[in-house]
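Work through the exercises below with the sequence and the 3D structure open. Try each task before reading its solution.

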Amino acid sequence: MDQAVNKATTRIAILGAGMSGLGAAAKLKEAGYSVIDIFEKSGGVGGTWRDNTYPGCGCDVPSHLYSYSFELNPDWDYKWSLQPQILKYFEDFADKYDVRRHCRFNTEITECRWDDAANSWTLTDRAGKTYTADVLISGLGQLNIPHTPNFPGLDTFKGGAFHSARWDHSVGLKGKTVAVIGNGPSAVQFVPEIQKVVGKMLSFQRSPAWCRPRGQRAYDAKAKKYFAGADWRINWYRWRIRAFADFGFGAFLQKSPLGLADSMKKMCQKHLEDQVQDPVLREKLTPDFEPGCKRILISDDYYPALAKPNVDVLRQGIKAVTPDGVIGEDGQEYKCDAIIWATGFQSTEFLTPMQVYGRNGLSLNQAWKDGAEAFKGMAVSGFPNLFLLYGPNTNLGHNSIILMVEHQIHYMIQCIDKIAEKGVAAIDVTPSAMTAYNVRVQSEIAKTVWASDCHSWYKNEAGKVTNNWYGKTTDYKKETRTPDWTDFEVVKG
Ligand SMILES: Cc1cc2nc3c(=O)[nH]c(=O)nc-3n(C[C@H](O)[C@H](O)[C@H](O)COP(=O)(O)OP(=O)(O)OC[C@H]3O[C@@H](n4cnc5c(N)ncnc54)[C@H](O)[C@@H]3O)c2cc1C
C-alpha cells in the first residue's frame, strides 16, 4: 500500500461551501489530500449563515459549541451568536485553512453520475460543463432550499413578498401591514425585530409551537480574555453544554426518564404564562402537541412581541393569496402590504433536487422513493464513493449539528483512506448493512416524540422521520468511530 501517492492523486469533489463542506475540506487537507474541488452555487462561503440575513438571525446553540472543535473562538460577542458573527467565523475559517482556493463559486451542480467502468463520478454544472472525481461528498445541508407553499394566487400579490431565508431588504416594512406566515425557529427570531417597525403584524399560526427562554447574554472583554487564556476553558465549557443538552435528550423520548418531558413542558408553560398575561392570547399560543415533536423554539422576546397592540395572532393558516393580501383558513381576506413566508425548507429532499445516478444508472430519487435514508447518515448502497454530510437521520433537536458533522468527517476520511489504498477503486455499503442499520434507526425513532402524531419538518409526506438522529450526540460518536469493513463491498481497481 502506498497511500502517500494515492492521497496526492485522489480527486475529491465537495458540493457546497457551508459549514459541512468547509470543515470537510480543512480536515481532508490535514489528512494529506490535495486534489479537492468545492462546488458552490453562490458567490461565497458560509451556506446557511450567508443565505439567512433576516433581522435577528442567530444560533439556537451556544456559540462556543456551534463552532468546530479544532477552531475554538474565544471572541464570541454573545452566548447565542448572531448571524453576522457566525458568517465571519466561517469566512475567517476558510481563509485560515486556505479553503477558498479550492472553491469554484457560482457553480451549481445539477447532475452527478457514477461511471461503472471508470469507477469515478462525473458532475455536470448548470452551464453543462463536466468535472470528474473519484470521491463525491455532499455538503448541501438539510435546510438549504426554502419552501414556499404554492397557494392559489401567489403571483397576483401586489406588495412585497419573500421567504425569510432570502430576506428582501429592499422591501420597506416601516409602518406597513405585514403578514407573517408561519411560526418556526426563524419567525421567532425576526418577529420581535420587525414588530418594532411595522404598523401592524398579522401572525398566522396554524399550529403554535412550544417556546422556552433563551437567556441571552453578552460576553464582555473580561469574559473573552478568560476564554482566550487557555483552550481547556472553552473545551470545558463546550463539554458542559454538550453533556447538559445530551442529558436533556431524554425529554424527547415518549417514555421520558426522570420526568424530563414533564419538566420541559412545565418550563415552556411557565414561560408562556410569565410573558403573556392575556388569557385569550395565551390560549391561542398554547400548542396541542407534546413539546419536542416540532422543534422547540428558544426566545426571550417572541411572546412579548406577540403581545404588543400592533400584532394580531391568528390561529389559522392561509389558503390563498389575493392581489391585496391573503385569505385565511376562515375564508376571510386579510389585507396587507407585505407577506413574509416563514414556512421552512424542503428538508426531506436532501440532495435530490439534483439528479444523482449510481451503479447501473440507479437514480437516487428511485432509491429514496419511500423516503431518504443512508448508512450512518452518510453512505447509500448503490452509490459508491459518495458521502453525505448532515445527511438523513443526522439532524438534532437538542444539540449542535457541528458535532455531528465532525463525527461524520472523521468516519468519512477513514473511508476515503480505504479508497485511496493501492488496488482499491471504490467502496459501496452493502444492501444488507444499509437495511439493517435503517431498520434499527427507525425502531429507535419510534420511541421518540418525533414519531408521535404531529406534522414537522423532520418527516416526509408519508410520515417517515427522515431527518433526525434518534439519540444523544455521544451515541452517534460511538456509531461513527471506525468503519467495519464488512459493511462495505470493496471494488478493486
Ligand atoms: C436559519 C438556520 C439556523 C440554524 N441554526 C442552527 C443552530 O442554532 N444550531 C445547529 O446546530 N444547527 C442550526 N442550523 C442547521 C445547520 O447547522 C445549518 O444549516 C448549517 O449551515 C448546515 O451546514 P451545511 O454546510 O451542511 O449546509 P448549508 O449551510 O446549507 O450549506 C450548503 C451549501 O451548498 C450550496 N449548494 C446547494 N446546492 C448546491 C448545488 N446544487 N451545487 C453547488 N452548491 C450548492 C449552498 O449554496 C450552500 O452554500 C440552522 C439552520 C438554519 C437554516
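A polar contact is a pair of N or O atoms within 3.5 Å; within protein, one must be able to donate a hydrogen and the other to accept it, and residues adjacent in sequence count only if both atoms are side-chain atoms. This is a predicted model, in which local features need pLDDT of at least 70 and side-chain atom pairs count only at pLDDT 80 or more, while totals for chains, interfaces and linings use all residues. Residues are numbered from 1 along each chain as its sequence is written, and side-chain values use heavy atoms, with hydrogens and water left out.

**Exercise 1.** Find which polar backbone atoms lie beside the ligand, and describe the shell around the ligand.

Solution. Start with D60: one of its polar backbone atoms is 2.5 Å from an oxygen atom of the ligand. A polar backbone atom of M19 is 3.0 Å from a ligand oxygen. For K41, a backbone N or O atom lies 3.0 Å from a nitrogen atom of the ligand. Next, take the area: the ligand alone exposes 980 Å², of which the protein buries 95% (Shrake-Rupley method, 1.4 Å probe). Helices α2 (19-30) and α3 (48-51) are the elements that give two or more residues to the shell; helices are DSSP runs of H or I with at least four residues, strands runs of E with at least two, numbered from the N terminus. Last, among the 30 residues around the ligand (a heavy atom within 4 Å), S20, E40, T48, D60 and Y66 come nearest.

**Exercise 2.** Determine how β14 and β15 are paired.

Solution. Two strands pair if DSSP finds at least two bridges between them. Strand β14 (residues 318-322) and strand β15 (residues 325-328) have 4 bridges, in the antiparallel sense. With 2 residues between them, the strands form a hairpin. As for cover, 4 of the 5 residues of β14 are buried (buried is under 20% relative accessible area, exposed over 50%, partly exposed in between; 1.4 Å probe, protein chains only).

**Exercise 3.** N106 or N385: which is buried and which is exposed?

Solution. First check the backbone. Most residues other than glycine have a negative phi. N106 has a positive phi of about 55 degrees, and phi of N385 is near 55 degrees. Then place them: N106 is in the loop between β3 (103-104) and β4 (109-115), and N385 in the loop between α11 (364-367) and β19 (386-388). N106 counts as exposed because its relative accessibility is 60%. N385 counts as buried because its relative accessibility is 0%.
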